[in-house]
Amino acid sequence: MQLYKNQPLKVHNSLTGKKELFQPINEGHIGMYVCGPTVYSNVHLGNCRTFMSFDMIFRYFKHLGYKVRYVRNITDAGHLENDADEGEDKIAKKAKLEQIEPMEVVQRYTVDFHNTLQKFNLLPPSIEPTATGHIIEQIEIIKEILEKGYAYEVNGSVYFDVEKFNETHEYGKLSGRKLEDMIANTRELTAQSEKKNPQDFALWKKADTHHIMRWPSPWGDGFPGWHLECTAMSTKYLGDTFDIHGGGMDLKFPHHECEIAQAEASNDQSPVNYWLHANMLTLNGKKMSKSTGNNIYPNEIFSGENGILSKAYTPAVVRFFMMQAHYTSILDLSDEALQASEKGYLRLMEALSTADQLSTGPKSDFDVEAWRQKCYDAMNDDFNTPILISHLFDAVKHINLIKEGMESISENDKTVLISTMRAFVHEVLGIEHQSEAKDDSQALNGVLELLIELRNQARANKDFATSDKIRDQLITLGIQLKDNKEGTSYSIK
RNA sequence: GGCAUCGUGGCCGAGUGGCUAGGCACAGCUCUGCAAAAGCUUGUACAGCGGUUCGAAUCCGCUCGAUGCCUCCA
């Protein structure tokens, strides 16, 4: 029996603003689309948070036994830089700036994107389609929308007619906006545009003579509008209506609003049942953004080379830090917060390895089954990872108590405890034990055994100068000696 | 200006009508040659002002403040 059958899951649906019981269109199967990055520069940490949140969601679905088709696109064309007429896409601009091919830009930053996500232990999506690989599909959708009368062509560009669409549909339902309000608010400026209304958005843009990224179309050479690719790729791989669409909060309007409009205009059905939005990561209380310069790159955190943090943090620590906040909450990154997370992370990892060595008794002093269900309850409540983690720490406490001989656990409960801990920490949260000085374990282990023996001899001889020297020197190397009743062990940070 | 979200103890961060989330830091205790690690114990916080209620941090209103979107952004 699949887990999902007895673990009812609630998700916060941005479309209704409510937590709803999640029910996939096809039992046991989930189609999920998440807006991926535009690959015109390195991913910053804020991007990573969003993808990490959906990675956790993807992982939990899989853990529950669902078969998930997870589509996350790569935007390698089409995002307009400026308004209307001077429209130029970011990738073309960057390519011109660096005097290289647009596809070189795309390649470089796609590789960076994959490398970074891999460090953060993100699972690859099932399909990672590119915008440039789906130009034909996008053109087809434009044709459909034109046929239905929700778009118009001007000088080789095609625009979506928002006002017309709004007569029969509800533009703004996702972001809680009303078209009348928007019109009332934009009366100033924005004249001399090709668009009938400022709210209209491009489905296809004419490429001027020196525009490098261009494709032929029924309306002349040009390139697709930036909302269209997601409609094309999501419906192609997941169907006209699919279960989940995710993305960053900042994409809610206009991007996702436009996706809904395009899909409804072309095939008259609401494309998505559950819209999920991940909230922003802030730095010094401000949103991280490439354009304002308020950002930090993942590699700067891993290396410690940045002007913001006091030290380096491993990807696992950063991931744990992010998992300690709910995905729908704004999270502020700071050195203090990362330090606190690092300690908590180490304690959790430590408990995970001591759990294996726990000796068992005839009965358990703690209700492992009830605890296990609490972990599921937390995740079933809109993927509440902070609560899950609080329960994991509850288990940490018991593990340590059992180790100290103050509580006991039965063989069976121990097995459940360990497998549940592992499942949630590794499988669902995607947190692995990463330590910097790990790989040379064989030799290092022997050396440490020797040092521990020498130290204990010194202690026996009351030569504390020597024993303390060994202990203190090791701690500066990140190796912690731990004296228990059974002897001395160590852990590497 | 419009729309939206939010304001929780020293810090981070859950929760949401009555039943002290959790992490980190701090303090005391146990352990220790001294420590560290680990364990135990302690913290009555919910922006302000009104209102609803037997009861609100949690619901409603207002005020103040923050953030996001309204132009490309995860």
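Author: C35 sits in the loop between β3 (29-34) and α1 (45-63); helices (H or I, at least four residues) and strands (E, at least two) are DSSP runs, numbered from the N terminus. This is a predicted model, where local features need pLDDT of at least 70, side-chain atom pairs count only at pLDDT 80 or more, and totals for chains, interfaces and linings use all residues. Residues are numbered from 1 along each chain as its sequence is written, chains are lettered from A and ligands numbered from 1 in the order in which they are written, and side-chain values use heavy atoms, leaving out hydrogens and water.

Reader: Why does C35 count as buried?

Author: Buried means under 20% relative accessible area, exposed over 50%, partly exposed in between (1.4 Å probe, protein chains only). C35 has 5% relative accessibility, so C35 counts as buried.

Reader: Which residues is C35 in contact with, leaving aside neighbours within four places in sequence?

Author: Contact means heavy atoms within 4.5 Å. On that basis C35 is in contact with F51, N73, C230, H245, G246, L251, H255, H256 and E259.

Reader: And what makes H255 buried?

Author: H255, in helix α8 (residues 252-267), has 3% relative accessibility, so the buried label applies. Not counting residues up to four places away in sequence, H255 touches C35, W226, H227 and C230.

Reader: Where does UniProt place the feature "binding site"?

Author: The unreviewed UniProt entry puts it at C35, C230, H255 and E259. UniProt positions are given in the numbering used here, feature names are shortened, and annotations may be inferred rather than shown by experiment.

Reader: How do you know that those four gather at one spot?

Author: They span 225 residues in sequence, yet no two of their C-alpha atoms are more than 11.1 Å apart, so they gather at one spot.

Reader: What puts I91, A92 and A95, the buried residues of α2 (90-98), on the same side of that helix?

Author: I91, A92 and A95 are buried in α2. They cover an arc of only 100 degrees around the axis, and that puts them on the same side of α2; the arc is that of the directions from the helix axis to the C-beta atoms. What covers these buried residues includes α3 (102-119).

Reader: Last one: why are β12 (286-287) and β13 (331-333) called edge strands?

Author: Two strands pair if DSSP finds at least two bridges between them. The open, mixed sheet runs β12-β11-β13, and β12 and β13 each pair on one side only. Between β11 (281-283) and β13, which run parallel, there are 3 bridges, with T282 partnered by D332.
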